[in-house]
Amino acid sequence: MVTACRTLIIALLLAFGAFGAAPVRAQAGIVGTPVATCVSRVQPGDTVRGVLARPGRFDCTTRQTALGRGDYWVLSDRLPPFADPAAPIRVRQVSLWQGSLAVYAVAANGRITGWIDDNVGIGRHIQLGAIVEHRFVPDGAPIERVLWRVGDSVNMRGIVLGVRIASDAESQRSNMLLAALYAGFIGLCAGLLFYNFVLWRVLHHDFQIAYCGLLACLVIYALSSSGILAWMLPELGNNRRILTSYVVLSWGMASALAFCACFFERRILDGWPLRLLYMVIAIFGTLGLLLMAVGPVAIPMLDRSFSVTMFCAPLAVGLVVWHAWQRHSDYLWLFALSWAAPMVMLVVRSLYNLNLLLWSFWIDNSTLVAMSIETLMASIAIAYRIRVLSRERDEAVRQEAISRELADTDPLTGLLNRRAFLARAIAADGSRTLMLFDIDHFKQVNDTIGHDGGDEVLRQFARTLRLHAPPGVLVARMGGEEFALLGREGAMPDPDVLLANVRAQRLPYDLRVTSSIGICHGPLADENDWKRLYRLADKALFEAKAAGRDRAGRAPPLSLVA
C-alpha cells in the first residue's frame, strides 16, 4: 500500500508538471498569427469570385452565435506579410459542428485555390488539439485572404472560430508537443485503470469500479477531443467524433458522481443526498444514450440540455459536500481537495457552452484539464480510503486477538458473549427491548464458501450491528449465527434500516445475506423475566422466518402477555 501511494504521488507531481507548463501548452495549442473574420449568409447564385467582389456584404461586428443556424461565407482580414512569401501556410481553426466546409486561398494576383470537404473530409484535416488545418502553397504571388464556405453550420459556439495562420514548422511543433502531452495523459489513465481494476477484483469496493468507469471514459474522451480518433479512423465524420466526446463525457460524469456516491461512509449519504446523486447520474446516463440515438439530428437541443446538466452537477456535489461536512465525514477533506478545481472548471465550461463566455483555447480544453486533476487526486483519495479500510481490518484482527483473552468477549466477532450479555442485561431498571437476529440460511453459506468464509460473514454481520447500535445498547453474539441487541425502547435502532444494511453489505465472493429479527419489549428485573422475554422474541423470530425471512417479527409486550 505504501508503494502504491508513492507511485500515485509521483504520477500526480509529473502530471501537475505537465499541465503547469502553460507556455509550452499554449505554444502547442494556439500557434500562428490570429486573423479576424467577417460573416455573410449564403445567398442564391453566390459564387466565390462574386462574394469576393462584394466585401461590404460581410458583417464584422455581430457575434457569430447570434446569427443562427445556416450556410455562411466567412472572409478573413488581409493576412499579415510573411518573411518568405513563397513559403506554404497553414490555415488553422477550431473544429465545430458543420455539415461541409470549403476553404479558399485568395492570392494577390487574383488566383484562387481551395479545399472542398464533406463532413468526413473535414475529419481528415484534423490536427492534434481538434484543430482543422488546411495547407496552401503560394503559386507566384503571396496569399492575401482566406474565404470559407460553411454548409449547415449549427452555430452552437460559432461559425468559424480561432482562425490562425501558421507555418509548416509551427504546425509540426504543435503536433509534437500535444502528442507528448496527450500520450502521457492517456498512458497515465490507462495505467491507473489497469491498477484499480486489479484492485477491485481483489477488494470489491464499489468506489473502485466507479473510478475505473471514469478512467475508461476519460481515455476515450482524450482520444476524441484531441483529434487522435480522427487519425485512427479516417473515415469517421468530424461530427461523429464530436458526438463521441459528448457521449463519453456524459457517461464519465455519471461515473464520477457514482464514485462520489460510493466513496463516503454509508451513514454520510443516507437519505436525500444519495437520491440526489442517483438522479443526476441517471440524467447523465440517459443523456449519453439520447446523444447516441438522435444526436446527429437533434444536437442543438441536446447540447443545451448537456450544458445545463453539466452546470447542475457542481451544485449536486456541493450539496453532498455540505451534508458530509455536517455529518463529520472522515474523508471530506480529501474529497473536497480532489473535486474543488474540477468543479470550478466545470462551471466555467458550462458558462462557455451556454454562450455566456467567449471562446478560448483554455476554456475549450478545460474539461480535460479538470478531469485530469480530479482523476489524479481521486487516486490519492482511493489510496487513503483503502489504507483506512486496511487499518480497520488490522484493528479488527488486533481486537480479535485481545478478545481471546477476555472472558466477556466473543473471540470471533469481538461482541459480548452470552454470559457477559446476561450479566449486564438482567436486573436493569425499567423496561427493555430485545432484538434477536438470526442469519438466514447460514448453513448454506458455510456449505458454499467454507467455515472460514462463514466466520468472515459473522464478523461482517457483527460489524454492521456494532455500527448501528447507539451508545448504551448492548450487542452480543448469543451463539452460532444468533445475535442480540438490548436497550431502552427509544434508543433502539430501526429494524428495517438494520435489515437494509445487512442486505447491502458486500461480503467475500460477492455473497449477500439476509437476516430475520424477533422483537419483544418488557421488564427485565430477574432471570425469569429474561426467560419470558427471550422466549417471546424467539417466537417472533420464528414467525418472521416462517413468513419468508428477511423481515422483523414483533411479539406483544411482556406485561400484556403476563
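## Aromatic pairs and an open sheet

Phe207, Tyr211, Phe259, Phe263 and Phe264 come together in one aromatic cluster. The model is predicted, so local features need pLDDT of at least 70 and side-chain atom pairs count only at pLDDT 80 or more, while totals for chains, interfaces and linings use all residues. Residues are numbered from 1 along each chain as its sequence is written, and side-chain values use heavy atoms, leaving out hydrogens and water.

**Aromatic pairs**

- Rings of Phe, Tyr and Trp (its six-membered ring) pair if their centres lie within 6.5 Å; planes under 30 degrees apart are stacked, over 60 edge-to-face, and the rest tilted.
- The count by this rule is ten aromatic pairs.
- Phe263 and Phe264 make an edge-to-face pair, because their ring centres are 6.0 Å apart and their planes stand at 75 degrees.
- Phe263 is buried at 0% relative accessibility, and Phe264 is buried at 3% (buried means under 20% relative accessible area, exposed over 50%, partly exposed in between, with a 1.4 Å probe and protein chains only).
- Phe421 and Trp530 are also edge-to-face, with 5.9 Å from centre to centre and 70 degrees between the planes.
- That pair links distant parts of the chain, 109 residues apart: Phe421 belongs to helix 14 (residues 418-425) and Trp530 to helix 17 (residues 527-546).
- Phe421 is buried, with a relative accessible area of 0%, and Trp530 counts as buried at 5%.

**Charges over rings**

- A charge sits over a ring if NZ of Lys or CZ of Arg is within 6 Å of the ring centre and within 35 degrees of the ring normal.
- Arg149 lies over the face of Trp73, 5.7 Å from the ring centre.
- Arg418 places its charged end over the ring of Tyr534, at 5.4 Å from the centre.

- Five strands form an open sheet in the order 2-3-9-5-6, with antiparallel pairing (two strands pair if DSSP finds at least two bridges between them).
- Its edges are strand 2 (37-41) and strand 6 (112-118), each pairing on one side only.
- Strand 2 and strand 3 (residues 70-76) are joined by five bridges in the antiparallel sense.
- Within this part of the sheet, Ser40 stands opposite Trp73 in strand 3.

**The chain as a whole**

- The protein chain has 18 helices and 15 strands; helices (H or I, at least four residues) and strands (E, at least two) are DSSP runs, numbered from the N terminus.
- Of the 562 residues in the protein chain, 50% are buried.
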